[in-house]
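Here are a few notes to read alongside the structure. Keep the 3D view open and find each spot as you go.

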Amino acid sequence: MKPWANYPQQNEQVKIALFFPASLKNFGIHKKLIPFGNGRSYGDVCLNDGGALLLTRGLDRFIVFNPANGVLRAEAGVLLSEILALTVPQGWFLSVTPGTQFVTLGGAVANDVHGKNHHVAGSFGSHVRAFELLRSDSERLTCTPKQNIEWFQATVGGLGLTGLITWVEIQLQRIANPWIVAENRRFASLDEFLALNDDYEARYPYIVSWIDCAARGRALGRGIYMAGMHAPPGLMKPPPAERRALTVPFAPPISLINNLSVRGFNWLYYHLPRPARGLIPYQPFFYPLDNLLEWNRLYGRRGFFQYQCVIPPLDAREALREILARIAASGQGSMLAVLKRFGERTSGGLLSFPRPGITLALDFPNRGQKTLALLERLDEVTRQAGGAVYPAKDARMSGDSFRQYYPQWEVFSRSIDPRFSSSFWRRVIAD
Amino acid sequence: MRNILIIGATSAIAETTARRFAVAGARFYLVGRNAEKLAAIARDLEIRSGQPIARESMDLDQLNLHPALLERAEQVLGGIDVAFIAHGILPDQAACQQSVEKTLAAIQTNALSAISLATLLANTFEQRGRGILIVISSVAGDRGRQSNYVYGAAKGMLNLFLQGLRNRLSEKGVQVLTIKPGFVDTPMTAAFEKKGLLWAQPDQIAKGIVAAVERGRDEVYLPGFWRWIMLVIRHIPEGIFKRLKL
């Protein structure tokens, strides 16, 4: 199986498709397992080299939806896109959504994903009311923030290692219509970005910034600030014509994302005129890349690396400048660089990535050792600043880095199901 | 709004097809073997369609129970508009070769029980002067191959039966639709190594079924490229075909 970034590529010896939650004992295999949802994690948290994968997309049934209070319970293989298709017409939206709607509910819990509203809403796990954990000894645990708390905290952000999540119950948020009031602003530097944050965060629940990673010198840290809120009742347009998604048909032998295209794209993206304020459908606002299916193929057969770190508030400005400077100096620009401030609210997940500070997400075509060396240099900065790197997007951080970023890892490891393991986990606990 | 009877409702193709009908506000009567799975699927479809859903679990090999089953469905739905026969099993060919009992059991489930239901439904639809009968057959029914001719023979019988039925009912306002899926990634085919371009997801088949109903089609291969593959397979002379490892 391949993860989203097409790196690393490994061999799982057994794949088991789940259609109805059954005891995990019935498979009669002795290899260790890891659940695999829709394969949208970038690196090896969803892989299990030499082991077995439990394919969970067959667990895709809704169990309860109450349109009066927005509580939804569904099997763990349901995609967020399927939830939205059901609930948006009835006036309910996900309380937290990541940048793609093509992830499973179970994957959203296991990676404790976050979205543009982290500064007000926390991460996905903050809105999970309950889930069921099926352990390999056939024990079924209903976990809530008040019941089986240790299991809840280990499993939210627990990278699928604590057992199989069979169903999840979440709280949705009310919306008046499917439209977003969006605002765009250019900023010329990191300082300006930080100043904009103070102003906008009080007014908008959704905020994200794109930053021009190819810019150097005086232009370093320039970007576009994007804020949005669900449109109030009455403020809406007739439904837009459905846009047909394009598909990247195959992965070319070499990456189409290279220095030239990155520089050109970033320059254009920064300079293209865009409306300062407007009303747009929720899909292009939350999921700009979902309309270009299989976009990961643009990076060629060798795949790419995502690097997402969070830097605590105190050191954020200096550390981010240093990271951007190191990237610019390396000559390996990132096509899409995303900047956002995380708030204080946490889900309690032992291995959850989001924590107060500024997060920066970058992607780099895989150029082998050269790229790995750059990412290690970025880790130096992140480690020194007391930050962390996001496992869901990682395929290369060292065990030392991981254990520094996630000091609770030892407490967490007591909750791992003895029959479960993943390539990621073996990599980061090895010395 | 349509009233749809689904027989074999726990099959992956039936379930994904039902979801597409559910979004359009269909009402369902679901029949399947496993009560627990049926309950999970009914609950899901209730949420998707916003309608309460009736269901019953039954062993469809018991042909004598069919008339009463269809009467209950008629009553609960207030008239069946669409009947979707989707149940079936993929028998172990090697085991069937060693056992007449297993061979006949596979034919009972895949051909005879479907024919029993189709006969009864056809008469109801004929009388009413309308109705849509959808039956899941298979590309395997187009030619006998050593790797699965017991399954293929049952589906081939079903294909001929439905052709005749279609011929009989063509002037009576009844659509008889034979679905011939190729390789589909479902629990029924869990034992296969699913690789390559020939494998389809259940929802691709579901999409094709809904389109075939809307266009009033008779026989469809799904995905559509199987039509060309089977055209070639059907036309290989038997003298050559018998020596192929298929």
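1. Let's start with one residue. Leaving aside its neighbours within four places in sequence, A:L360 is in contact with A:Q308, A:C309, A:L320, A:I323, A:A337 and A:L339. Bear in mind as you look that this is a predicted model.

2. Now zoom out to the core. The largest nonpolar core has 126 residues, and A:L360 is among the members that touch the most others, along with A:V109, A:V168 and A:L320. There's also a second, separate core, made of 63 residues, including B:L45, B:Y151, B:A206 and B:Y221. As background, nonpolar side chains tend to be buried together in soluble globular proteins.

3. The crossing is right-handed.

4. Who does the touching there? On the α5(B) side, look for B:A111, B:A114 and B:A118, among others; on the α6(B) side, the residues include B:Y151, B:F161 and B:L165. By class, this helix contact has 17 nonpolar, two polar and two charged residues.

5. Last stop: where the chains meet. Chain A puts eight residues into the contact and chain B puts in nine. Which strand gives the largest share of chain A's side? That's β4 of chain A (residues 62-66), with three residues. By class, chain A's side has seven nonpolar residues, one charged and no polar ones.

Key
Residues are numbered from 1 along each chain as its sequence is written. Chains are lettered from A and ligands numbered from 1 in the order in which they are written. This is a predicted model: local features need pLDDT of at least 70, side-chain atom pairs count only at pLDDT 80 or more; totals for chains, interfaces and linings use all residues. A nonpolar core is a set of buried Ala, Val, Leu, Ile, Met, Phe, Trp, Tyr and Cys residues joined through C-beta atoms within 7 Å. A residue is buried if 20 or more other C-beta atoms lie within 10 Å of its own, exposed if 12 or fewer, and partly exposed in between; C-beta atoms are placed from the backbone. Two residues are in contact if their C-beta atoms, placed from the backbone, lie within 7 Å. A crossing is left-handed if the near helix is turned anticlockwise from the far one by less than a right angle, and right-handed if clockwise. Helices (H or I, at least four residues) and strands (E, at least two) are DSSP runs, numbered from the N terminus. Ala, Val, Leu, Ile, Met, Phe, Trp, Tyr, Cys and Pro count as nonpolar, Asp, Glu, Lys and Arg as charged, and the others, Gly among them, as polar.
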